[in-house]
Amino acid sequence: MSNFLYSINATLPVFFLMILGKALRKCKIIGNPFIQSTDKYVFYVALPALVFMDLTENDMGRHFDMKYVLFCFTVTLLVILAIWGLTEVFLKQEDEKGAFIQASYRSSAAILGLAFIDTMYKDAGMAPLMILGAVPLFNIFAVIILTIKGAGNDKRPDIKTTVASIFKNPILLAILIALPFAFLDMHLPVFLNKGVKNLAATASPLALLSIGAGFEGRKAIKKIKPTIAATFIKLFLLCALFLPVAVHFGYRNQELVGILIMLGSPTTASCYIMVKNTKNDDVLTSSIIVLTTLLSSVSLTMWIYILRSLGYL
C-alpha cells in the first residue's frame, strides 16, 4: 500500500499540471502563442539545462561501477534498436514512427527514478549510474530518430545534412558538454550552478502545461491502437524481458530499482517538446505520455511488489 500511495503521489502532480494547462487554455489565459514560445524555450534552454544537471549533479564517482553502467547502456541500446526495427516492420503509418519509437523507450528515468530510490532507501548506492548508462542514449537516439523521421524529411536528407542537424540539436550539445563534468568531477561556479539548476527546474512543469494545453482528445482517440501498444511496451513488456536478466546478473535493491525505473517508468514529458520541434506526431506522443503516466502508478507498484515478494528488494 505504501508503494501504491507513493506511486500515486508521484503521478498525480503530473496530471494536475496537464489538466491545469487544458483549463488555462479553455479559460483563454494561455493560447497558441504561449504554447509555441514555451515549446521553443523548453527545447532550447530548459531541457538542455535539465539534461546537464541530470548528468553532473549526482555523485557518479563515489559508487562508480563500470559493469553496472555498461549493463544499463547495453540494455538501453538493445531496447532502442529492437523497438526501432520492429516499428519499421509493423507500424504502417510513416508519420507516426518517430513519435512511437521515442515514446516506447524513453523513460522519466532521472526525475522519477532518483525520487523513488530516495524514498525507498537511505543511500542511492550505484543507482544514479543508471542515468549515466541510459540517459545519453535516450537523448542521442531521440535526436537521430526524430531528425530522420520528422515531417519535411520525405525526400530523405543526405547523410551530411542529417548529421549536421543532429549535432546542432541542443540536447545532444548539452550531453557533450556535461560528460567531462560527470567523468572528471568538475563543477560549475556556485552562482552558475544555481542558475542552471533553476532553468532545469522549469523544464518539466512548462512541458506538462504545454502538453495539457495542446492535448486534443478527439485526435488522440484516433491513435488509440499505437498508444496502447506503446504503453504496453513501456510499462510491461520491457520490464518482463529485462528485469529477469538484471536479477541473473546479481543486481538487487537500489540498483535493481534503478533498472526498473529505466525500463518501466512513464514516458517523459520532454518527448513531447522534442517531437513538436522536429515536426513529428505530437498528438500520438501526448496521448502516450498521458496513458503511461495514468497507468504507471499501478504498473510500478506491481513490479515493486513482485520483486519484493521474490526477495530481490
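## Starting at Asn253

With a relative accessible area of 29%, Asn253 counts as partly exposed. On the scale used here, buried means under 20% relative accessible area, exposed means over 50%, and partly exposed is in between, using a 1.4 Å probe and protein chains only. Asn253 sits in helix H13, which spans residues 253-264. Its phi is near 50°, a positive value in a residue other than glycine.

What you see is a predicted model, in which local features need pLDDT of at least 70 and side-chain atom pairs count only at pLDDT 80 or more, while totals for chains, interfaces and linings use all residues. Residues are numbered from 1 along each chain as its sequence is written, and side-chain values use heavy atoms, leaving out hydrogens and water.

A positive phi also turns up at Lys279, where the angle is near 60° in a residue other than glycine. Most residues other than glycine have a negative phi. Lys279 belongs to the loop between H14 and H15, and with a relative accessible area of 60% Lys279 is exposed.

## The chain as a whole

Let's step back for the overall picture. The protein chain has 15 helices and 0 strands. Both kinds of element are DSSP runs numbered from the N terminus: helices are H or I with at least four residues, and strands are E with at least two. The chain holds 313 residues, and 53% of them are buried.

A contact here means heavy atoms within 4.5 Å. Among contacts in the chain with a separation of 6 or more, 85% are between residues 24 or more positions apart. The accessible surface comes to about 14800 Å², and carbon and sulfur atoms account for 68% of that area. Accessible areas come from the Shrake-Rupley method with a 1.4 Å probe; for residues, only the protein chains shown count as cover.

## Inside the core

A nonpolar core is a set of buried Ala, Val, Leu, Ile, Met, Phe, Trp, Tyr and Cys residues joined through side-chain atoms within 4.5 Å. The largest one has 89 residues, and those touching the most other members are Tyr105, Leu243, Ile259, Met262 and Leu263. Helix H6 (residues 129-149) gives this core its largest share, with 13 residues. Leaving aside residues up to four places away in sequence, Ile259 touches Tyr68, Phe71, Cys72, Leu243, Ala246 and Tyr251.

Ser299, in helix H15 (residues 282-309), is buried, with a relative accessible area of 0%. Beyond residues up to four places away in sequence, Ser299 touches Leu235, Phe236 and Gly264. Counting a disulfide as a pair of cysteine sulfur atoms within 2.5 Å, the model has 0 disulfides.

Helix H3 (66-90) and helix H8 (170-184) each give two or more residues to the patch. Phe64 lies in the loop between helix H2 (32-56) and H3 and is partly exposed, at 38% relative accessible area.

## Salt bridges

A salt bridge is a side-chain nitrogen of Lys or Arg within 4 Å of a carboxyl oxygen of Asp or Glu, and the model has 8 of them. Glu96 pairs with Lys223, their closest N and O atoms being 3.1 Å apart. This pair ties together parts that are 127 residues apart in sequence, because Glu96 lies in the loop between H3 and helix H4 (97-105) and Lys223 in the loop between helix H11 (217-221) and helix H12 (224-248). Both Glu96 and Lys223 are buried.

Lys223 also meets Asp281 in a salt bridge, at 2.9 Å from N to O. Asp281 is in the loop between helix H14 (270-277) and H15, 58 residues from Lys223, so here too distant parts of the chain are linked. Asp281 is buried, as is Lys223. Elsewhere, salt bridges that share partners join Glu88, Glu94, Lys97 and Lys149 into one network. Within this group, Glu88 and Lys97 meet at 3.1 Å, N to O; Glu88 is partly exposed at 30% relative accessibility, whereas Lys97 is buried at 5%.
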